[in-house]
Amino acid sequence: MAAHLPTLAEARSAIVAVGRAFDARGWAPATSGNYSVRLDDGRIAITISGRHKGRLSEDDVMTVDAAGRALDGQRPSAETPLHAMLYAGHPTIGAVLHSHSAAAVALTRAYPTAPGWTVSGHELLKALPGITTHDTSVTIPIVDNSQDMGQIAATIRPRLLALPPPPAYLIRGHGLYGWGRDVAEAERVIEAIEWLIAAELAERGFAGRPA
C-alpha cells in the first residue's frame, strides 16, 4: 500500500501547498493542473474543476470515490478518471500531481510521433524512486492528447506495467503526470522531471529527444 494515508484535512493542506508551489514555478497557468491524494478511508481528495491552483483554499479540494465519482455534490477535474486509474492499478501510489509547464509541452510537440522520452546520465535522476546512480536511463512514456479521458487511460495503462515502471508520463501538448507514495514523493518526481526536461531542451537547442 501507499505510505501514510492522510486524513482529508491533511490532504487538503498538502494540495493547497502544492498548488502554490507549482504556480510559483509556472507549472499551473490559468486554471490548469490537478492534484489528488488517496485518503485513509478509501476516498480520493482532488481539486475542484476550474480553480486557479495558485489561489487554492481548502474548500477547493473535494472528494470522489475510487471510481472517480463525486461524493459531495461538487464537480471534480475533468481528468479525475486518470487519477482514479492510477490509484486502482497501483496500490503503492498515494498522490498524483499534474503540471502544465511550457517546457513539457515543447518537448512533446517537438516529436509528434515519439512514444516516449529517454533521459540518461543526469545526477538528478537519483531524485526518482528506486534510482541510486546517474549512470542509468529512464524512459517517460508520451501519449497523445484527447478530450476523452477514457482513451488516454486505455492508452497509458499497459505502458505503466513496464519493468521498472515509469514514475510519470507525458500527454503530448498538454503536460506531465507524476506520482509517489505520498505528496512529498510525487512533488519530488514532478520537480525532477520538469528540471530534466528543461535541461534537455537547453542542451539540445530547444529540441527534445525521442525514445
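## Strand pairing

Two strands are taken to pair if DSSP finds at least two bridges between them. The model discussed here is predicted. In this model, strands S5 and S6 pair in the antiparallel sense, over five bridges. Val119 has Val138 of S6 as its bridge partner. On S7, S6 pairs in the parallel sense, with two bridges joining these strands. Ile142 has Leu170 of S7 as its bridge partner. S6 is mostly covered, with five of its seven residues buried.

## The largest nonpolar core

The largest nonpolar core holds 40 residues. Those with the most contacts inside this core are Phe22, Tyr35, Trp117, Leu128, Leu170, Ile193 and Ile197. Two or more residues each come from helices H1 (8-24), H3 (102-110) and H5 (183-203), and from strands S1 (34-38), S4 (95-99), S5 (116-120), S6 (137-143) and S7 (168-171). H5 gives the most, with nine residues. As a general point, nonpolar side chains in soluble globular proteins tend to be buried together.

Leu170 shows how several parts of the chain meet in this region. Leaving aside its neighbours within four places in sequence, Leu170 is in contact with Ala104, Leu107 and Thr108, with Ile140, Pro141, Ile142 and Val143, and with Gly175, Leu176 and Ile197. A second, separate core has 21 residues, among them Met85, Leu86, Tyr87 and Ile156.

## The aromatic cluster

How many aromatic pairs does a search of the whole structure find? The search finds four. One of the pairs is Phe22 with Trp27, in an edge-to-face arrangement with 5.2 Å centre to centre and 70° between the planes. Both Phe22 and Trp27 are buried. Phe22 also forms an edge-to-face pair with Tyr35, where the centres are 5.6 Å apart and the angle between the planes is 85°. The Phe22 and Tyr35 pair links distant parts of the chain, since Phe22 belongs to helix H1 and Tyr35 to strand S1, 13 residues apart.

Phe22, Trp27 and Tyr35 together make one aromatic cluster. Phe22 has a relative accessibility of 0% and therefore counts as buried. Tyr35 likewise has a relative accessible area of 0%, so Tyr35 is buried. Phe22 and Tyr35 are also among the residues with the most contacts inside the largest nonpolar core.

## Helix H4

H4 spans residues 149-156, and its buried residues are Met149, Ile152, Ala153 and Ile156. Seen down the axis of H4, these buried residues fall within an arc of 100°, so they line one face of the helix. They pack against helix H2 (80-89) and against strands S6 and S7. Ile156 is also included in the second core. At the start of H4, a side-chain oxygen of Asp148 comes to within 2.9 Å of the backbone nitrogen of Gly150.

## Backbone geometry in loops

Most residues other than glycine have a negative phi, and most peptide bonds are trans. The peptide bond between Leu163 and Pro164 is cis, with omega about -5°. Pro164 lies in the loop between H4 and S7.

Ala30 has a positive phi, near 55°, in a residue that is not glycine. Ala30 sits in the loop between H1 and S1. Is Ala30 buried or exposed? With a relative accessibility of 56%, Ala30 counts as exposed, because the cut-off for exposed is over 50%.

His100 is in the loop between S4 and H3. Its relative accessibility is 19%, so His100 counts as buried, because the cut-off for buried is under 20%.

Which side chain is joined to that of His100 by a polar contact of 3.0 Å? The partner is the side chain of His98. A polar atom of the His100 side chain also lies 3.2 Å from the backbone oxygen of His174. Leaving aside neighbours within four places in sequence, His100 is in contact with Gly26, Trp27, Pro29, Ser32, Gly33 and His174. Of these, Trp27 also belongs to the aromatic cluster with Phe22 and Tyr35.

Terms used: Residues are numbered from 1 along each chain as its sequence is written. This is a predicted model: local features need pLDDT of at least 70, side-chain atom pairs count only at pLDDT 80 or more; totals for chains, interfaces and linings use all residues. Side-chain values use heavy atoms; hydrogens and water are left out. A nonpolar core is a set of buried Ala, Val, Leu, Ile, Met, Phe, Trp, Tyr and Cys residues joined through side-chain atoms within 4.5 Å. Buried means under 20% relative accessible area, exposed over 50%, partly exposed in between (1.4 Å probe, protein chains only). Helices (H or I, at least four residues) and strands (E, at least two) are DSSP runs, numbered from the N terminus. Contact means heavy atoms within 4.5 Å. The arc is that of the directions from the helix axis to the C-beta atoms. A polar contact is a pair of N or O atoms within 3.5 Å; within protein, one must be able to donate a hydrogen and the other to accept it, and residues adjacent in sequence count only if both atoms are side-chain atoms. Rings of Phe, Tyr and Trp (its six-membered ring) pair if their centres lie within 6.5 Å; planes under 30 degrees apart count as stacked, over 60 as edge-to-face and the rest as tilted.
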